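User: I am new to this structure and would like a short tour of it. Could we go through it together?

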Amino acid sequence: MAGISWYQNENSNGALNQHYLIDHIPLYSLADVQLRFLCPNDLDEVRTLCQDWFPIEYPLSWYEEITSGTRFYALAATYNQIIIGLIVAEIKPYASLNSEDQGFLANSFLKHSDVAYILSLGVAKQYRRNGIASLLLNSLINHLTSNDRNKIKAIFLHVLTTNSAAIMFYENKKFKLHCFLPYYYSIKGRCNDGFTYVLYVNGGHSPWTLIDYLRYFCKNILLGGGAFPWLLSSFSKFMYWMWSSRKITQHPDVD
């Protein structure tokens with residue numbers, strides 16, 4: 001697989017429609033797939049693809065934003081100079097999230113941590129089951145876990161409860177179910193339920209329960225770390241004090 005590029009390949013729009021007529025196209029190697037960031041010339045092609053992939057209707061302004069500027073991490077997978085896959089994510093402060101999206105990070109991360117929100121991840125129907133979605137998601141994760149992005153503690157997303165293929169994909173990628181969102185989506189005038197899924201990165205973790213604290217305490221005792229040295233030291237000091245007191249009592253000084 002070639003490195004990520006900022007530039008669009010030439011003649012990318014001309015061959016688009018002919019591939020829609022083919023049921024499935026197996027790829028012999030992912031090395032033939034190129035990754036590059038979106039550019040303004042991709043707007044019409046990306047809009048056509050998203051309208052085919054997703055039940056949600058995005059406004060034109062959204063397509064303008066993801067194909068220009070630096071607010072979004074918008075990465076395309078291309079094959080034979082056409083876009084066959086796409087991932088769009090946004091990095092934002094955890095404290096700025098809506099109330100329904102909070103609660104998946106421990107309190108120690110509340111003020112100074114960022115999270116990444118995956119807005120869209122899709123692959124053209126003809127090219128699915130070739131590993132394209134995994135390639136795109138792994139590229140995002142690698143980007144977010146580089147040394148200069150330690151502030152990012154989690155990646156999260158929303159998914160329809162009826163989208164079993166997407167749910168299975170994310171769970172295979174170690175995303176954890178965080179919460180159920182009743183009536184979260186409005187699709188063609190009808191309300192649909194959703195899930196929030198989270199993947200923790202860069203040392204991030206969920207709020208701890210009592211069981212987590214007990215597990216941590218027991219782990220440190222078994223490993224000889226944490227509270228165990230303090231307990232051992234305190235017990236040793238107590239035994240030394242008891243032994244010293246007993247010695248003084250048995251052999252008092254005589255003036």
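User: Let us start with one residue. Is Tyr 170 buried or exposed?

Analyst: This is a predicted model. In it, Tyr 170 has a relative accessible area of 8%. The cut-off for buried is under 20%, so Tyr 170 is buried.

User: Which residue does Tyr 170 form an aromatic pair with?

Analyst: Its partner is Phe 175, in an edge-to-face pair with 5.3 Å from centre to centre and 70° between the planes. Phe 175 has a relative accessibility of 3%, so this residue also counts as buried.

User: How many aromatic pairs does the count come to?

Analyst: The count comes to 15 aromatic pairs. Among them is the pair of Tyr 79 and Tyr 127, whose ring centres are 5.7 Å apart. The planes of these two rings stand at 65°, so this pair is edge-to-face.

User: Where do Tyr 79 and Tyr 127 lie?

Analyst: Tyr 79 belongs to strand E2 (residues 72–79), and Tyr 127 sits in the loop between E4 and H4. The pair therefore ties together parts that are 48 residues apart in sequence. Tyr 79 and Tyr 127 are both buried.

User: And which residues do ring pairs link into a cluster?

Analyst: The cluster consists of Trp 53, Phe 54, Tyr 58, Trp 62 and Tyr 63.

User: Changing topic: how much space lies in the largest pocket?

Analyst: The largest pocket holds about 1,000 Å³ of space. It is lined by 32 residues, and those closest to its centre are Phe 54, Leu 121, Asn 163, Ala 166 and Tyr 170.

User: How do the lining residues divide into nonpolar, polar and charged?

Analyst: In the lining of the largest pocket, 22 residues are nonpolar, eight are polar and two are charged.

User: Now the whole chain. How many helices and strands are there?

Analyst: The chain has seven helices and seven strands. Along the sequence, their pattern is α-β-α-α-β-β-β-α-β-α-β-β-α-α.

User: What share of the residues counts as buried?

Analyst: Of the chain's 255 residues, 39% are buried. The chain exposes about 15,800 Å², and 56% of that area is supplied by carbon and sulfur atoms.

User: What about contacts between residues at least 6 apart in sequence?

Analyst: Among those contacts, 70% join residues at least 24 apart.

Definitions and conventions. Residues numbered from 1 in each chain as written. Predicted model: local features only at pLDDT ≥ 70, side-chain atom pairs only at ≥ 80, totals over all residues. Heavy atoms only, no water. 1 Å grid on protein atoms, 1.4 Å probe; cavity = no way out; pocket = protein on both sides within 12 Å on 5 of 7 lines; lining within 4 Å. Points joined across faces, edges and corners; volume = space filled by probe spheres on them. Nonpolar A, V, L, I, M, F, W, Y, C, P; charged D, E, K, R; others polar. Helix = DSSP H or I, 4+ residues; strand = E, 2+ residues; numbered from the N terminus. Buried < 20%, exposed > 50% of the residue type's maximum accessible area, 1.4 Å probe, protein only. Contact = heavy atoms within 4.5 Å. Areas by Shrake-Rupley, 256 points an atom, 1.4 Å probe, with all protein chains shown as cover. Phe/Tyr/Trp six-rings, centres within 6.5 Å; stacked < 30°, edge-to-face > 60°.
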